[in-house]
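This report is meant to be read beside the sequence and the 3D view. Please have both open before going on.

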Amino acid sequence: MGTITIDPVTRLEGHATIDIFLDDAGSVQNAYLQVPELRGFESFCVGRPAEDMPNLTSRICGVCPEAHHMAATKALDALFGVDPPPTAKKLRELFYSIFFVTDHTTHFYALGGPDFVMGPDAPPAKRNILGVIEKVGMEVAGRVLNMRKVGHGLIQAIGGRRVHPNWGLPGGVSKGIDEKLRQEIELRGEEAIEFARFSLGLFDDIVLGNERYVELVKSEGYTHRTYDMGTVDAHDKVNFYDGQIRVVGPSGKQLCKYEPADYRDHIAEHVESWSYLKFPYLRAVGWRGFVDGAESGVYKATPLSRLNASAGMATPRAQVEYERLYETLGGRPVHSTLATHWARLVELLYAAERWVELARDPEITGKDWRKLPTATPREGVGSVEAPRGTLTHHYRTDERGILTHVNLIVGTTNNNAPINLSIKKAAQAVIEKGRPVTEPLLNMVEMAFRAYDPCFACATHSLPGRMPLVVNLRSPDGAILSTLSRQ
Amino acid sequence: MNEPANTLVLGLGNPILGDDAVGWRVVEVIARELAGLPNVAVCTCCRGGIELMEEMVGFDRVVIVDAIVSAAEPGTVRVLHPGELPTRHCNSAHDATLEAALALGRRVGARLPLDDDIVLVAVEASDVSTFSERCTPAVQAAIPVAAATIRRVLSRSTTRPDARAEMLT
C-alpha cells in the first residue's frame, strides 16, 4: 500500500529517514532507519601520531567528546603498554562521572523527557524543553541549566577545556587537582546527588504516577527481548569507566564476560546494502535478521542494558533505585525500551554518587598522576561506557607510534539493529489499516528510537546539528504513498 | 552616545570536517585584528542548542559564522538572523533548537542578546561529509569575504534586517 517517511526526526543528531513498508493489506511489513554517512575518518587518522587520538576523536562530534577522549586515552594506555597510577585512574573516573551527570541531565530534560512530561500526543512545538519547563516550573529550568553549568565548569577545571578536554595521556593525565578544587568538586557533587534524586522524583510524579504512561512503558509495542551489554566491575556492578564487558540473554542469564580487548572474538558486524551503518551482533549466537529472542545475536547497549547486564549499582542510593525499577517493572531483566529513560535517571544518581565518592578518596589529590610509557607501541583497545552505549576504540601503529589502523565501535552503532527493531514494532503497534497516519502516531514511532538517545554523529561519523526526520510510507513495490516531515 | 556593544564573534562547526570548519577558519583570520578591540570577544564552538546559547550569555551582540548547506553556490556568503534558515549547528539534536534554547535562557533570566542582535554569517558549503582539515576551493575563497562581512557587521550600530543588504556589499 505505501511507505511512511518521517523528516525531520526532531531532537536528534544528523538527519535520517524512516521508511515504513506496508503490505498489500495495509499493515506494516518492515521499517528501516537510514542515516547519512560521513566519510574518511579512519583515513584522516592513519599516518598521524597515536597521541593525537584523544583530541581528534573527541572532534568527531559535539555530543559526547568526553567519552571519545576517555576511550582514546585508554586505548593509548594499551597501545603503549602502560598501566596508569591509581590517582590517574581515579581522576579519570571522577571526570567521567561528572560528564555522565551533565549528559544524562540534558537528555532527560531536553530530548527524552518531553515525550513523557508533555505526553506523546502533544504537538511537536510543545514537546521540547520549553514545554517541559512550562509544565514543571521555572525553578526546574534553573536547576537544569545550573547542573550543566556546574558540570561543564568542573570538566574544564579538571580536563583543561570546557567541551574538548586535552588532558588524557598514555599512562595517566596531564595534571591533577589540588585540595581547593577537590573541595569544590565534592560540594558540587553533593548538589548533583540532590539534583538526581529530584529528577527521579519528577519521573515518579509524572510517569509512574500516570497509569497510561506506565501501560505505555510496559506495552508490547515497545518491548524487545534481546541480549544486553554493559561494562561491569569485579562484583558485576555497573561501571562507566572500566571493567569487563558482560552480556546477558533475554532471560537475564550470562552469555559471556570478556576483556574489551577481545571484542572481536565476541562481536561481529552485519552489513545491509541500504544502510551505511553496520549492525553489530553477538558472534556466538549469530545473525538471524532483525528479530529478537535468544536465537538472535541482536543486542542492546543502553542505560537499561547496563542495568540488565549487571548485578546492581555500586553506590547505595542508586542501588535502591535499581531495585525499585525492577520491582515496579516485574523483575530483571526489563525489555521495555521506554524504561531506558528511567534507567538513565538511575545512572544519573549513580554517577553523582560516584562523583562524591571519588572526590572524597584520599588518593584523588595525589601527585602521581602519570606513568611515562617506555614500551614500543603496536596495538591497543580502549573501552568505556558512553552515555549511549559501550564505546570501543582500537588502534594499530608502526613502531614509531604512527597510526596504521583505526576502528571505532560507538554506542549508537551497537544499538543499530535494536533501533530498527523498535521502529518496526512501534510502527506495527500504532499504524493500522484504514487508520490515518497522524503526527501523534509518528511521534510514537519516533519515541521508540529516541529512548536510545541515538547519536548518529559518530555512528556514521556524521554531523552534529539537527537531524531532520523523514517518514516515507511505501507500498510493497517501494512506491512512496505519503511522506511526513518536520522542519 | 551609546556605549559600544559588548560583542562576541563565534566560529561554529567541526574543525576537522572539511567545509564544516569554515566558521573556525574565518575566526582564525579575523581573530588577530579583533584582538585589540576592547569590546569584542572571539571564540569557537562546535555545539548547537543550549551550548550555543550558553556561549552567548553576557553579550549584547553575537556574530556567528558557520557553514550552511542550501541550494546556493558553494562559497556564497549570507547574513541571516535566528528564525531564518538555521545552519547545521544552531540546532542541536541532543538538546534544543537555538530558538528554544534562547527562549529558555531568557526565561531563567540569563542576559542574552536580542534576536535582532544575533547575526549569522553563513557560508554555503560544498562538502560537509568528508573529514579533512581543508575547505574546498570555493569555500576557502569565501573566507576573506566572510571576514569582511563580519567587519561590516561590527561597524554597524544595528544589525536589524533592513541593514543587512549593506553588510554584504
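This is a predicted model: local features need pLDDT of at least 70, side-chain atom pairs count only at pLDDT 80 or more; totals for chains, interfaces and linings use all residues.

Residues are numbered from 1 along each chain as its sequence is written, and chains are lettered from A and ligands numbered from 1 in the order in which they are written.

**Chain B in outline**

Chain B has five helices and five strands; helices (H or I, at least four residues) and strands (E, at least two) are DSSP runs, numbered from the N terminus. Along the sequence of chain B the pattern is β-α-β-α-β-β-α-β-α-α. Chain B has 169 residues, and 51% of them count as buried. Two residues are in contact if their C-beta atoms, placed from the backbone, lie within 7 Å. Among contacts in chain B between residues at least 6 apart in sequence, 76% join residues at least 24 apart.

**Two helix pairs**

Two packed helices are described by the angle between their axes and the distance between the axes. Axes are lines fitted to C-alpha atoms, for helices over the stretch in contact, and angles run from 0 to 180 degrees between N-to-C directions.

| Helices | Axis distance | Angle |
|---|---|---|
| α7 (179-208) and α12 (340-359), chain A | within 8 Å | roughly 160° |
| α1 (22-34) and α4 (137-155), chain B | 9 Å | about 55° |

The angle makes α7(A) roughly antiparallel to α12(A), while α1(B) and α4(B) are oblique to each other. Angles under 35 degrees count as roughly parallel, over 145 as roughly antiparallel, 65 to 115 as roughly perpendicular and the rest as oblique.

The contact residues of α7(A) with α12(A) comprise 14 nonpolar, two polar and five charged. In the contact of α1(B) with α4(B) there are 10 nonpolar, no polar and one charged residues. Here Ala, Val, Leu, Ile, Met, Phe, Trp, Tyr, Cys and Pro count as nonpolar, Asp, Glu, Lys and Arg as charged, and the others, Gly among them, as polar.

**Strands of chain A**

Four strands of chain A form an open sheet in the order β8-β7-β6-β11, with mixed pairing. β8 (254-258) and β11 (299-300) of chain A are at the edges with a single partner strand each, so one side of each has no neighbour in the sheet. Two strands pair if DSSP finds at least two bridges between them. Strand β7 (residues 244-248) of chain A runs antiparallel to β8(A), joined by four bridges, and A:Val247 stands opposite A:Cys256 in β8(A).

Strand β9 (residues 267-270) of chain A also pairs in the antiparallel sense, with β10(A), over four bridges. Both faces of β10 (residues 279-282) of chain A are covered: A:Phe279 and A:Tyr281 on one side, and A:Pro280 and A:Leu282 on the other, are all buried.

**Where the chains meet**

A:Arg148 belongs to helix α6 (residues 138-159) of chain A. Is A:Arg148 buried or exposed? A:Arg148 is buried, because 21 other C-beta atoms lie within 10 Å. Leaving aside neighbours within four places in sequence, A:Arg148 contacts A:Thr102, A:Thr105, A:Thr106 and B:Ile50.

In helix α3 (residues 98-107) of chain B, the buried residues are B:Leu98, B:Ala100, B:Ala101, B:Leu102 and B:Leu104. The buried residues of α3(B) pack against α5 (129-136) and α6 of chain A, together with α2 (49-56) of chain B.

Methods: A residue is buried if 20 or more other C-beta atoms lie within 10 Å of its own, exposed if 12 or fewer, and partly exposed in between; C-beta atoms are placed from the backbone.
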